[in-house]
Amino acid sequence: MPSPTPPAPEKERPMSAPEQTRDAMTSMERLLLESEDIAGFLEEFIEHLAQRLSTGDEPVWCGVSLRRQRRSTTVVTSGPHALEIDALQYASPDGPCLTAMREQTVIRVGDVREDGRWPQFHSAADQQGVRSVLAVPFALRGEAQAALNIYSSSPHDFDPRKIEVIQLEVDRASSGLLLAIRLADGRDAEEDLRASMESRTTIDLATGIIMAQNRCTQQEALEILTAASNHRNEKLRDVALALVVSLNGGPPTNGFVR
């Protein structure tokens with residue numbers, strides 16, 4: 001009796017567009033959880049995108065610029081060449097990335113040799129082998145400004161379809177980047193609070209020492225400490241710390257800061 005024919009394996013059903021979006025968002029969430037800071041989150045994003053866009057002998061260079069506290073910096077790049085090109089843009093009066101961040105709009109430069117909007121940057125970029133530029137802003141709800149910079153060695157490299165794909169990638173990463181920025185702001189605020197409490201503890205201890213040595217009030221002790229700070233042209237905390245260390249044998253500890 002012949003053996004029964006095994007059933008044909010079921011073909012894997014292709015994911016729908018909503019499923020692809022959820023899968024991409026899950027990957028972004030996992031990447032964010034595995035990253036220690038903003039740069040760590042964006043490094044994988046940039047590396048993946050640069051590999052996807054580079055074809056054969058036509059490389060592209062990617063970087064992410066972030067503007068916080070009125071200062072623009074390059075957070076991550078796909079390599080040192082992208083970092084150098086970004087630096088040229090910051091040194092210029094303006095550029096496509098800075099405009100994209102400021103105006104929250106996609107900026108496309110078909111050919112730096114023909115586009116007259118940012119002549120100083122375009123001339124410098126051309127000398128670095130850049131022919132076309134694309135800058136896509138992240139949606140960060142006004143809490144910061146960021147944009148993806150893509151530099152290509154080919155003129156007119158970014159057609160509408162490629163721009164659409166890149167925008168989709170940036171949109172997927174925007175929520176993760178926004179959360180990473182909020183976490184970083186929280187860590188910065190925590191560090192500021194820690195430093196403030198440590199400084200207050202040191203000054204209070206030094207004031208107490210002066211009160212004991214001079215049998216004076218707290219206000220009088222603080223005035224003595226302030227006068228010493230002005231006379232030495234040193235910060236009040238540094239003068240207080242030197243006094244505490246001289247008697248304590250080391251810096252003070254704050255039991256409320258862990």
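Two strands are said to pair if DSSP finds at least two bridges between them. Helices (H or I, at least four residues) and strands (E, at least two) are themselves DSSP runs, numbered from the N terminus. In this structure, strand S1 (residues 60–68) and strand S5 (residues 145–152) pair in the antiparallel sense over 8 bridges. This is a predicted model, in which local features need pLDDT of at least 70 and side-chain atom pairs count only at pLDDT 80 or more, while totals for chains, interfaces and linings use all residues. Residues are numbered from 1 along each chain as its sequence is written, and side-chain values use heavy atoms, with hydrogens and water left out.

**Overall composition**

- The protein contains 8 helices and 5 strands, and from the N terminus on its elements run α-α-β-β-α-α-β-α-β-β-α-α-α.
- Of its 258 residues, 39% count as buried; buried means under 20% relative accessible area, exposed over 50%, and partly exposed in between (1.4 Å probe, protein chains only).
- Among contacts (heavy atoms within 4.5 Å) between residues at least 6 apart in sequence, 60% join residues at least 24 apart.

- Strand S1 is mostly covered, with 7 of its 9 residues buried.
- Cys 62 has Ile 150 in S5 as its bridge partner.
- Leaving aside neighbours within four places in sequence, Ile 150 is in contact with Leu 49, Leu 53, Val 60, Trp 61, Cys 62, Ser 132, Val 133, Leu 134, Phe 158 and Ile 166.
- A nonpolar core is a set of buried Ala, Val, Leu, Ile, Met, Phe, Trp, Tyr and Cys residues joined through side-chain atoms within 4.5 Å.
- The largest such core has 28 residues, and those with the most contacts inside it are Phe 45, Phe 138, Leu 140, Leu 148, Ile 150, Ile 166 and Leu 177.
- At least two residues of this core come from each of helix H2 (38–53), S1, strand S4 (132–137), S5 and helix H6 (160–214).
- A second, separate core of 18 residues includes Ile 85, Leu 98, Met 101 and Val 112.

- Helix H4 (residues 96–103) is largely enclosed by the rest of the structure, because 6 of its 8 residues are buried.
- The buried residues of H4 are Pro 96, Cys 97, Leu 98, Thr 99, Ala 100 and Met 101.
- After H4 comes Gln 104, whose phi is positive, near 50 degrees.
- Gln 89 lies in helix H3 (residues 80–91) and counts as buried at 0% relative accessibility.
- Not counting residues up to four places away in sequence, Gln 89 touches Asp 94, Gly 95, Pro 96, Cys 97, Leu 98, Phe 121 and Tyr 151.

**Helix H7**

- Helix H7 (residues 218–232) has 15 residues and reaches 21 Å from its first C-alpha to its last, close to the 21 Å expected at 1.5 Å a residue; the expected span is 1.5 Å times one less than the number of residues.
- Ala 221, Leu 225 and Ser 229 are buried in H7.
- Seen down the axis of H7, the buried residues fall within an arc of 80 degrees, so they line one face of the helix; the arc is that of the directions from the helix axis to the C-beta atoms.
- The face turned away from the buried side of H7 carries the exposed residues Asn 230 and His 231.
- H7 is followed by Asn 233, whose phi is positive, near 55 degrees.

**Cysteines**

- The structure holds 0 disulfides, a disulfide being a pair of cysteine sulfur atoms within 2.5 Å.
- Cys 97 is buried, with a relative accessible area of 2%, and Cys 216 counts as buried at 16% relative accessibility.
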